[in-house]
Amino acid sequence: MAHAALLHCSQSSTSLTACRRGSHHHRAPSHVPRRSRPRRRGGVVSLRPMASSTAQAPAPAPPGLKEGIAGLYDESSGLWESIWGDHMHHGFYDSGEAASMADHRRAQIRMIEEALAFAAVPSPDDPEKAPKNIVDVGCGIGGSSRYLAKKYGAQCNGITLSPVQAERGNALAAAQGLTDQVTLQVADALEQPFPDGQFDLVWSMESGEHMPDKRKFVSELARVAAPGGTIIIVTWCHRNLEPSETSLKPDELSLLKRICDAYYLPDWCSPSDYVNIAKSLSLEDINTADWSENVAPFWPAVIKSALTWKGLTSLLTSGWKTIRGAMVMPLMIQGYKKGLIKFTIITYRKPGAA
């Protein structure tokens, strides 16, 4: 949901691992059967274990973080929906693709489908294995919730910190005849109001960035997942460190801080942090990929849409939080071009029978 504003990451940027490009899977123990996977688009990140930041206590959440996130999305979601529709996340494009506005909305749907394919989520044509109970963590106004509910004929529960988003998402579900399948509510992703093992698909599309405690975040996703259930996190990370580095460079830290200040984000983390957290929680079938090249056309398109007459007039009446977020959008492009920001997918499987 991260776009009307945005993201996160974990404990410390000082204990991160190096990465090199190429195909790699983080294998479960040898006794765990692995599912076959199709070939995927985007660079798959090869990560080496290291002294994980998961061993450290997470930095405390900035004062007022949850209230700031809720206020930001209360204020900005209507503007986003009026220009971009109900999917509050990046689109997925072929590398180097030039796209029109209509292509961008299709690309947002493609992002969902690419994530499902990457995680090898069973097709609706296989009703015995297809997900039946789904949670959408950081659901925005429920674009993914409704899409997944319709695709799989599943029950979908969405949670957001924004009362405005929950109310709007439920209204859209009612308008589409999905009241019996889709329910959105206000809840904290770090303290989810669900019993253990309820969902066979746990979905987080660009919301993890807002989480001040990444280990707690992944732990909650794993807690509510059913045995054998799939966990999909699509999120923004900073790059992995080189072996000789102990932290990001000062100019990189400065750039991320400016983005964090505008979008109510705690500290960022790397893809390897997510991998190490998953290993520490004994999750299985751990896979990650860098899709930064596949989202490259998105931010220029967001900026272009903001500079239209409709975009400008809506922006000026939306409130200061939204205006401040718009002002730092070029920094996102800069971060991608520098190789500092990595648009990352991480998928896991909870141990147990599928």
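**Aromatic pairs and buried residues in a predicted model**

User: Which residues do ring pairs link into a cluster in this structure?

Analyst: In this predicted model, F92, F118 and W291 are linked into a cluster by ring pairs. The count of aromatic pairs comes to four.

User: Why is the pair of F92 and W291 called edge-to-face?

Analyst: The ring centres of F92 and W291 are 4.9 Å apart, and a pair requires centres within 6.5 Å. The angle between their planes is 85°, and planes over 60 degrees apart count as edge-to-face. The pair is therefore called edge-to-face.

User: What parts does the pair of F92 and W291 tie together?

Analyst: F92 belongs to the loop between α1 (65-84) and α2 (101-118), and W291 to the loop between β8 (284-290) and α8 (298-306), so the pair ties together parts that are 199 residues apart in sequence. Both F92 and W291 are buried.

User: What makes the pair of W236 and W268 tilted?

Analyst: The ring centres of W236 and W268 are 6.4 Å apart, which meets the requirement of lying within 6.5 Å. Their planes are 45° apart. Stacked pairs are under 30 degrees and edge-to-face pairs over 60, so this pair counts as tilted. W236 lies in strand β7 (residues 225-238) and W268 in the loop between α6 (250-263) and α7 (271-280), so parts 32 residues apart in sequence are tied together.

User: How do you know whether W236 and W268 are buried or exposed?

Analyst: Buried means under 20% relative accessible area. W236 has a value of 0% and W268 a value of 4%, so W236 is buried and W268 is buried.

User: Why is K151 said to lie over the face of Y152?

Analyst: K151 is at 5.6 Å from the ring centre of Y152, and the distance limit is 6 Å. A position within 35 degrees of the ring normal is also required, and K151 is found to lie over the face of Y152.

User: What makes S144 count as buried, and which residues is S144 in contact with?

Analyst: S144 lies in helix α3 (residues 143-152). Its relative accessibility is 5%, and the limit is under 20%, so S144 counts as buried. Leaving aside neighbours within four places in sequence, S144 is in contact with H87, H89, I112, D136, W203 and M205.

User: Why is the link between the side chains of T160 and Q165 called a polar contact?

Analyst: The side chains of T160 and Q165 are joined at 2.7 Å, and the limit for such a contact is 3.5 Å. T160 is in strand β4 (residues 155-160) and is buried, with a relative accessible area of 2%.

Technical notes: Residues are numbered from 1 along each chain as its sequence is written. This is a predicted model: local features need pLDDT of at least 70, side-chain atom pairs count only at pLDDT 80 or more; totals for chains, interfaces and linings use all residues. Side-chain values use heavy atoms; hydrogens and water are left out. Rings of Phe, Tyr and Trp (its six-membered ring) pair if their centres lie within 6.5 Å; planes under 30 degrees apart count as stacked, over 60 as edge-to-face and the rest as tilted. Helices (H or I, at least four residues) and strands (E, at least two) are DSSP runs, numbered from the N terminus. Buried means under 20% relative accessible area, exposed over 50%, partly exposed in between (1.4 Å probe, protein chains only). Contact means heavy atoms within 4.5 Å. A polar contact is a pair of N or O atoms within 3.5 Å; within protein, one must be able to donate a hydrogen and the other to accept it, and residues adjacent in sequence count only if both atoms are side-chain atoms.
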